[in-house]
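Here are some notes on the model you sent. Please read them alongside the coordinates.

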Amino acid sequence: MGRKKIELKTIECPKEKSSKYSKRKKGLLKKAEEMAVLFDSDIILLVFSPTSKPNLFYPHSRPLSGILEKLSNMSEYEREERFDLSLQEDDKVIELAEARELLDENTSILRNWQDPHRVDDLARLTIMEDHLVSILSLIKKVQNEQG
């Protein structure tokens, strides 16, 4: 059986773009839902409309927080290996990269708290120490207020 080659063309007319986008988005979301159910897998789909409006899709049978937690537990290397993203460098991509960097940093800090004896970076130890000092001062403040 030979495969039929599909030729895609860019749509220039804004009204036609919007109309096609709406129709195709519904089909795409339906396919994503089918895949999530069929393969019992987690799916998050972020689609930007022709007007740059973001649309986030995830199966309602799985909480978004659980899916994001799985993603945050992956190392940066794993995420880069699994997600071959070829994105253009624009403001949204830069924001996404900054958010990803912040997520990686916070994930790393949380991992440090799980095994503080393995931390060998003085800057990280200082951050952890500052956090502990602020927590202890908050505890003392609450104790003083309670008498």
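1. A residue is called buried when its relative accessible area is under 20%, and exposed when that area is over 50%. By this cut-off, buried residues make up 14% of the 147 residues in the protein chain. The model is a predicted one.

2. The protein chain has five helices and two strands. Read from the N terminus, the order is α-β-β-α-α-α-α. Of the contacts with a separation of 6 or more, 31% are between residues 24 or more positions apart. The accessible surface is about 13,100 Å², and carbon and sulfur atoms account for 55% of that surface.

3. Helix α1 covers residues 14-38. Its 25 residues, at 1.5 Å each, should span 36 Å, and the end C-alpha atoms lie 35 Å apart, so the two values agree. Just past α1, Asp40 has a positive phi of about 45°.

4. Which residues of α1 are buried? They are Tyr21, Ala32 and Ala36. The cover over the buried residues of α1 includes β1 and β2.

5. Strand β1 (residues 45-48) runs antiparallel to β2, and four bridges join the two. Leu46 is placed opposite Leu56 of β2. The two strands form a hairpin with five residues between them, and Ser52 in the turn has a positive phi of about 70°.

6. Side chains alternate along β2 (residues 54-57).

Key:
Residues are numbered from 1 along each chain as its sequence is written. This is a predicted model: local features need pLDDT of at least 70, side-chain atom pairs count only at pLDDT 80 or more; totals for chains, interfaces and linings use all residues. Side-chain values use heavy atoms; hydrogens and water are left out. Buried means under 20% relative accessible area, exposed over 50%, partly exposed in between (1.4 Å probe, protein chains only). Contact means heavy atoms within 4.5 Å. Accessible areas come from the Shrake-Rupley method with a 1.4 Å probe; for residues, only the protein chains shown count as cover. Two strands pair if DSSP finds at least two bridges between them. The expected span of a helix is 1.5 Å times one less than its number of residues.
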